[in-house]
Amino acid sequence: MTAAEKKEMLRAVIGETQRMNLFQAINNSLDLALSSDPTAIIFGEDVAFGGVFRCTVGLQEKHGKSRVFNTPLCEQGIAGFGIGAATAGATAIAEIQFADYILPAFDQICNEAAKYRYRSGGLYDCGSLTIRAPCSAVGHGALYHSQSPEAFFAHCPGLKVVVPRGPIKAKGLLLSCIRDKNPCLFFEPKILYRSAVEQVPVKEYTMPLSKADILVEGDDITLVGWGTQVHVLREVCQLAKDQLNVSCELIDLVTILPWDKETIAQSVKKTGRLLIAHEAPLTSGFGAEIAASIQHDCFLNLEAPIERVTGFDTPFPHMFEPFYMPDKWRCFEAVKKLVNY
Amino acid sequence: MLPIRLACYGLRSVAANCKRINIGALSQITRKFSSDERPQFPGSRSQWTEKLEFIRPDLYDGIPVYRVMDRKGKVIDPSQDPQLSQEMVIKMYKCMTQLNTMDRILYESQRQGRISFYMTNYGEEGTHIGSAAALDPKDLIFGQYREAGTLMWRGFTLDQFMNQCYGNMEDGGKGKQMPVHYGSKDLNFVTISSPLGTQMPQAVGAAYSYKRAQNGLCVMCYFGEGTSSEGDAHAALNFSATLDCPVIFFCRNNGYAISTPSKEQYRGDGIAGRGPAYGMLTIRVDGNDVFAVYNATAKARQVALNEMRPVLIEAMTYRIGHHSTSDDSTAYRSVDEVRYWDERDHPISRLRNYMLSKGWWGDVQEKEWKENCKRQVMTAFARAEKKLKPNWKEIFTDVYHEMPSHITEQLKQMEEHVQKYAEHYPLKNFSKD
């Protein structure tokens, strides 16, 4: 097949595409959700004018004030309201302005939303609730505009937790979350809102949750990350190839809960080495769960200990962000250590 | 001429709109500045004042308590008697007394180790029945934990109550929660959860959904005065008013949050005092007066639906029983105080006196009903106790809509374990299906 034929085939399958950054892809996804589901509503702080990250631009104008509206400044209220709206039959899409501020809603999310179906014996549920929040480092966010809180929620059975790596995935994953019959948390790496740009299919599509993506195939070591870190690890793959002649298998976990242990395990059984990287602090970060499970399932396949390259066990600092982040040099150094173990 | 022109020049530098200045226009300029009479801050509804005066929170009496009957059950202002039918009033009475009887039996059953936990509703039966009777059976109820009477009014059977308390295989909740955490989809009663106040913003969201669905229904949200201190309560009241939601907030102010008396719970005029601050219609009622509760709820429902706005009802009552079977309230209040409410201001006695005055009830019916009621409760109790618990594998169901592989894996592991160590697990009490 020629390149042109391949392109033609892709166009036939995928259809028309449009250049979109992450916030535009999310905007598109939300628009499609509201257009296809008359019960869908979007609410949170400042969503009416378009949102502080422009994810909801134009939606109130298009779908109306009763469907896209501001709430008072209260995360526990936003989450509780969303749970109730979902329970009573609406598709509730809540926005928390920064993942750093999701903590006041923790009780509603973990004690209530996550347990609604279980505790009622299936009589009630809030499956049509999705909570979106911008997360992760942005260069200057410091303690309260940079957090990646996925690990807190990974510990809560009943929730789904999803982190997209770019516009194409985000559009499909968000629509999947909105339509999923379980309460979902969708953490959007804010640094990617503008910087991640792709040719995104214009049509409506979903992408499977709980299915990890193998982005680069390799034989020597498995690299696992999610969100922004996937792009860092991609550069690490190249560095490892160029400087160490090491072939890395890069996996985007995509969904933190329930996570695709199968794909990771299969990869590690092949490579024998695993490096997990995330911005969130080391202790009890989600890397810990992956490490514990993989060492259990792949013990005899491992050639080296499982390595985690993460943020330090400190709050997220302002001036020192370049030193705090699990950058490609720390990851590269870890790859070196693992292949030479 | 000159002095006027000079004066006008000063005004012109301030008033950008003024084009031509003459003496007649001076008064117009003053009128243009009448906007100076009120503060222009966004959202301001106020006038100015030049008096340095703080508002004293205790300057006025609290919001008055609406009642229909006196403490003896005599209607004070006949125009306020809702004139409910004999059938309805007797149903109310029977519901309250059946609740009371069920409470006695189940409380005792916990003492005897038959169920793990229980909470009684003593003294608050009026708040349940009076309000539930004024709602549409399809209005969605979010409760706290002391509203069993609303479920009973709607038709939750004694068997259903007991099955949940025993957590047996017929519990609608599949044995997942402690006793009194009732729920019913058919009766539009959202399953109770232990965290306090969480139901409040949920009720608001549900009401918003109902508003959008234009289904003619409202949402009823019960909570206690202790719970009103939770952040979720503030969130709910504020959201409901700003988002125009048809929700009735019904506060059972029963004087205690476990051992904490209401004077240690708040310093203002109770919960009703907060309503106007949130911009909502508010009333305080005598919670032990079934008719007052009924009237207020009926009116609140009308307003909530016709005007698409929330309403706050604070029902004053008294918690005659202990907080729960884990509490002994003699540790923090006098027996005399409790006895006063039990003997002198009880919703059941007051309604009974009303029925007696109407000739709708008598000693014979009382005796007959008491025996009947007790018998029904006891037989339901015996039935519930005999039933097996649900299959232990229910541990793993309903975590998600579909069972994910990691949970299936854990289920399988436990299945193998239980098979191997069967004699160490109480399998005979659990259903095999």
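**Figure 1. Polar contacts across the interface of chain A and chain B.** In this predicted model, 24 residue pairs, both members at pLDDT 80 or more, are in polar contact across the interface of chain A and chain B. A polar contact is a pair of N or O atoms within 3.5 Å; within protein, one must be able to donate a hydrogen and the other to accept it, and residues adjacent in sequence count only if both atoms are side-chain atoms. Local features need pLDDT of at least 70, side-chain atom pairs count only at pLDDT 80 or more, and totals for chains, interfaces and linings use all residues. Residues are numbered from 1 along each chain as its sequence is written, chains are lettered from A in the order in which they are written, and side-chain values use heavy atoms, without hydrogens and water.

**Figure 2. Salt bridges between chain A and chain B.** Two salt bridges (a side-chain nitrogen of Lys or Arg within 4 Å of a carboxyl oxygen of Asp or Glu) are counted between the chains. One of them joins Lys160(A) to Glu402(B), with an N to O distance of 3.1 Å.

**Figure 3. Extent of the interface.** Contact, meaning heavy atoms within 4.5 Å, involves 46 residues of chain A and 45 residues of chain B.

**Figure 4. Cysteines of chain B.** No disulfide (a pair of cysteine sulfur atoms within 2.5 Å) is found over all chains. The sulfur of Cys165(B) lies 16 Å from its closest cysteine sulfur, in Cys373(B), too far for a bond. For Cys373(B), the closest cysteine sulfur is in Cys95(B), at 9.8 Å, also too far for a bond.
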